[in-house]
Amino acid sequence: EVASNRRYFDEAGVVRYNRMSASRDAKIRAGELGTIDPMLKTLSLWDGDTPVVAFSSYATHPMSFYGKGGTTADFVGMARKMRQSEDPKTLQIYISGCSGNVTAGKFNDGSPDNRPVLAKRIHAAMKAAWENTKREPINKCEFKNVPMKLEARGGAAFSEAELKKQIAENPRPFGQCLAALGLSWLKRVNTGQPVDVCCLDFGPAAYLLMPAESYVEYQLMAQAIRPKDFVMVAGYGESGPGYIPIERAWKENDGNLTDWCWVNPGSEALMKAAMEKALGK
C-alpha cells in the first residue's frame, strides 16, 4: 500500500493519468492500483560473513507532501534511516526504481501525517527483504554499457526557437525551467551524444541502471528478460530526457507528457533493445 500507477479509469470508464504523488480527491484514490512492481528489493555486498552495504530499491515517486520550499528525503529517507539505526555497521542506501508513472497517490492524500505511515511500510519491506537475503559467491562481475540514442521531442513547441523564446519571455520561472531543460536535451541530442544503459552483472544477480523517469513497465520488462535471476532496476540514471513512456501512454494522451517529456514516440523499442543487450539476452 505505497505505489500506484498514475493511470486509472474514472467512474465513466475513461482512462486518466492524473493520480499525482498527493491525491486529495477521494475518487482518484479509489481508482484501481494499476501497473506497479510490487516488490521492494535489496541487493547486498558482503565481506565473508560480514555485510558491508545494502542497496534497497522500490519503484515509486518518493514524495508525500511537498511544495513548501523544503528539501527532504521524504518517506523513503525516513525508512532508510530506520534501517540504518537497526544495523549501523551496514551502509544502507535507497534507490528509486523506474518510477516515472508510479506515485503513492492511491494511498496518500498529501497530509503531513501520512509521511511516517508510508515510511513504516517501506521500512517493513526493507526489513523483510533483508531477512530473505539469499547469499551467492561472486564468481564473476561484469560491467556492461549500452549506448542508446533517443530522439529529441519534435513539434513546434519543442523547437530550438520556441524553447529559447520561452526562456526569454515566459513570466513563470517554472515555464522557463521547462524550456531550459528541453533546450539542453535538444542540444545534447544534436551533438550525437548517447544515453548510457548500464548493467553490473554478478551472474545470479544484476543491477541495471535506466535513464531518466522511465515508466515502471521498463522495470518489469527488464526482470522478464532474466526471469530466473535477481534483477534490480534503478531509474534516474540521468535526467535529460524527462519522462520516457511506453507507447500506450502516447496513444492514450497521458497528460504528463505535455511538458516534462523531451523524447519522441518510439522510445519503447529502443529502450527494450538496450535492456536486452545490457542484460545479455
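User: What is the volume of the second largest cavity?
Analyst: In this predicted model, the second largest cavity has a volume of about 30 Å³.

User: Which residues line the second largest cavity?
Analyst: Its lining is made of Ala152, Arg153, Phe158, Leu163, Gly182, Trp185, Leu186 and Trp262. These divide into six nonpolar residues, one polar and one charged.

User: Which element gives the most to that lining?
Analyst: Helix α5 does, with three residues.

User: How many cavities of 30 Å³ or more are there?
Analyst: The count comes to two. The largest cavity holds about 40 Å³ of space.

User: And what lines the largest cavity?
Analyst: The lining consists of Asp37, Met39, Lys41, Ser57, Tyr58, Ala59, Gln219, Gln223, Val231, Met232 and Val233. Strand β5 (50-58), helix α6 and strand β12 (230-234) are the elements that each give two or more residues to this lining. Of the elements, β12 gives the most, with three residues.

User: How do the residues of that lining divide into nonpolar, polar and charged?
Analyst: There are six nonpolar, three polar and two charged residues in the lining of the largest cavity.

User: You mentioned α6. Is the helix enclosed or open, and why?
Analyst: Helix α6 (residues 216-225) is largely enclosed by the rest of the structure, because eight of its ten residues are buried. The buried residues are Val216, Glu217, Tyr218, Gln219, Met221, Ala222, Gln223 and Ile225. Two of them, Gln219 and Gln223, also line the largest cavity.

User: Changing topic: which residues touch the most other members of the largest nonpolar core?
Analyst: They are Val197, Leu208, Met210, Tyr218, Met275 and Leu279, in a core of 41 residues. Helix α5 (residues 173-190) gives the most to this core, with five residues. Apart from it lies another core, of 18 residues, including Ala59, Leu118, Ile122 and Met126.

User: What is Met210 in contact with?
Analyst: Leaving aside neighbours within four places in sequence, Met210 contacts Cys98, Val197, Val233, Ala234, Gly235, Tyr236, Gly237, Met271 and Met275.

User: Tyr236 is on that list. What is its phi, and where is the residue found?
Analyst: Tyr236 has a positive phi of about 65° although it is not a glycine. Tyr236 is found in the loop between β12 and β13 (243-244). Most residues other than glycine have a negative phi.

User: Is Tyr236 buried, partly exposed or exposed?
Analyst: Tyr236 counts as partly exposed, at 29% relative accessibility.

User: What about Ala212: what is its phi, and where is its place?
Analyst: Ala212 has a positive phi of about 50°, and it too is not a glycine. Its place is in the loop between β10 (205-209) and β11 (213-214). Ala212 is buried, with a relative accessible area of 1%.

User: Last one, Asn5. Where is it found, and is it buried or exposed?
Analyst: Asn5 is found in strand β1 (residues 4-5). With a relative accessibility of 3%, Asn5 counts as buried, because buried means under 20%.

User: What does its side chain reach, and which residues does Asn5 touch?
Analyst: The side chain of Asn5 reaches the backbone oxygen of Thr35 at 2.7 Å. Not counting residues up to four places away in sequence, Asn5 touches Arg19, Leu33, Gly34, Thr35, Ile36, Asn101, Val102, Val216 and Glu217. Among these, Val216 and Glu217 are buried residues of α6.

Key
Residues are numbered from 1 along each chain as its sequence is written. This is a predicted model: local features need pLDDT of at least 70, side-chain atom pairs count only at pLDDT 80 or more; totals for chains, interfaces and linings use all residues. Side-chain values use heavy atoms; hydrogens and water are left out. A nonpolar core is a set of buried Ala, Val, Leu, Ile, Met, Phe, Trp, Tyr and Cys residues joined through side-chain atoms within 4.5 Å. Buried means under 20% relative accessible area, exposed over 50%, partly exposed in between (1.4 Å probe, protein chains only). Helices (H or I, at least four residues) and strands (E, at least two) are DSSP runs, numbered from the N terminus. Contact means heavy atoms within 4.5 Å. A polar contact is a pair of N or O atoms within 3.5 Å; within protein, one must be able to donate a hydrogen and the other to accept it, and residues adjacent in sequence count only if both atoms are side-chain atoms. On a 1 Å grid over the protein atoms alone, a cavity is a set of points where a 1.4 Å probe fits but cannot get out, and a pocket is an open set with protein on both sides within 12 Å along at least five of seven lines; lining residues have an atom within 4 Å of a point. Grid points are joined across faces, edges and corners, and a volume is the space filled by probe spheres set on the points. Ala, Val, Leu, Ile, Met, Phe, Trp, Tyr, Cys and Pro count as nonpolar, Asp, Glu, Lys and Arg as charged, and the others, Gly among them, as polar.
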